[in-house]
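Have a look at the sequence and the model first, then read on for the side-chain pairs.

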Amino acid sequence: MNRTCKFSNVTNDYLAFYDGILCDMKNGMTHADLSDSISHNFITQMIPHHQGAIEMSRNLLRYTTCIPLQNLALQIITEQTRSISDMQGILCRCDSLHNCREDLCCFQTRTRKIMQTMFCEMKQACTTNCVNCNFIREMIPHHCGAVAMSENTLRYCICPELVPILDAIIRSQKQEVQNMQCMLRCLCC
C-alpha cells in the first residue's frame, strides 16, 4: 500500500486490520487443498476469497458513517455468506467430477495469474485518510478477481450445481463494481 502521508489513528487501525485480512485471504487461497477437480479447486479457493470480502466489509462498518457504503457492506456480507454456504453444500458432490491433467493445468495457471494480479492491486491500492475511499479501492480489485476466476471456471467441464453460483458471483459483483466506481466519483476520491 502507498503509505507516504501521515494517517489518522482511525485510518491506521483500519489499515492494520485490512493488512491482516489480506494476508489471511492470500494464505487461504494460495494454500487451498487442490484436487483433480476444477469444481473442487474453485470452491476451495473461492471460500477464503469470500471470507476476505466479509471481513473487509466488517472492518469498514467499524469506521464508516456513509449510509450507501454501510448498505453495500451489509449486502456483501449477506451475499457472500450465502455463496459460501451454497458452495460448501455442493462441495462433496462436485469432488466426484474429475478433469484431465491438461485442463487442470490450464485452469490453475490462469487462476494463479488472476490471484496474483488481484493480490497486487489490493496491496497497492491508493491509500488516504478517507477510509470510505480506501475500502472501495481495495474492494474493486477483489470483486474483479472473483469475476475473472468465475469466468475462467466456466470455460471447463464443471459440476452443474456450481454454474448458477458462478453466474450469481459474476452478475452481482460486476454490478457492485459499477456501484463502487460511481460512489468513488461521488466521494471525490
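**Side-chain briefing**

Glu151 is partly exposed, with a relative accessible area of 35%; that label covers anything between buried (under 20% relative accessible area) and exposed (over 50%), using a 1.4 Å probe and protein chains only. Keep in mind that this is a predicted model, where local features need pLDDT of at least 70, side-chain atom pairs count only at pLDDT 80 or more, and totals for chains, interfaces and linings use all residues. Residues are numbered from 1 along each chain as its sequence is written, and side-chain values use heavy atoms, with hydrogens and water left out.

**Salt bridges**

- Side chains of opposite charge can pair when their charged atoms come close.
- The count here is three salt bridges, each being a side-chain nitrogen of Lys or Arg within 4 Å of a carboxyl oxygen of Asp or Glu.
- Glu151 teams up with Lys174 in one of them, with the closest N and O atoms 3.2 Å apart.
- That pair links distant parts of the chain, since Glu151 is in helix α5 and Lys174 is in helix α6, 23 residues apart. Helices here are DSSP runs (H or I, at least four residues), numbered from the N terminus.
- Lys174 counts as partly exposed, at 42% relative accessibility.
- Arg93 and Glu161 form another salt bridge, and their closest N and O atoms are 2.9 Å apart.
- Arg93 lies in helix α3 (residues 67–95) and Glu161 in the loop between α5 (131–153) and α6 (163–186), so this pair ties together parts that are 68 residues apart in sequence.
- Arg93 is partly exposed at 45% relative accessibility, and Glu161 is partly exposed at 32%.
- Arg58 and Glu55 also make a salt bridge, with 2.8 Å between the closest N and O atoms.
- Because they are three residues apart in helix α2 (residues 38–61), Arg58 and Glu55 are separated by about one helical turn.

**Aromatic rings**

- A search of the whole structure turns up two aromatic pairs. Rings of Phe, Tyr and Trp (its six-membered ring) pair if their centres lie within 6.5 Å, and planes under 30 degrees apart count as stacked, over 60 as edge-to-face and the rest as tilted.
- Tyr14 and Tyr63 have ring centres 6.1 Å apart and planes at 85 degrees, so they are edge-to-face.
- Tyr14 sits in helix α1 (residues 9–30) and Tyr63 in the loop between α2 and α3, 49 residues apart.
- Tyr14 is buried, with a relative accessible area of 1%, whereas Tyr63 is partly exposed at 22%.
- Phe107 and Tyr156 have ring centres 5.9 Å apart and planes at 90 degrees, so this pair is edge-to-face.
- Both Phe107 and Tyr156 are buried.

**Cysteines**

- The disulfide count is zero, where a disulfide would be a pair of cysteine sulfur atoms within 2.5 Å.
- Cys92 is in no disulfide, and the nearest cysteine sulfur, that of Cys94, is 9.5 Å away.
- Cys92 is exposed, with a relative accessible area of 68%.
- The sulfur of Cys144 is 14 Å from the closest cysteine sulfur, in Cys120, which is too far for a bond.

**A buried threonine**

- Thr44 is found in helix α2 and is buried, with a relative accessible area of 17%.
- Leaving aside neighbours within four places in sequence, Thr44 is in contact with Gly28, Ala32, Asp33, Leu34 and Leu91, where contact means heavy atoms within 4.5 Å.

How values were computed. Helix = DSSP H or I, 4+ residues; strand = E, 2+ residues; numbered from the N terminus.
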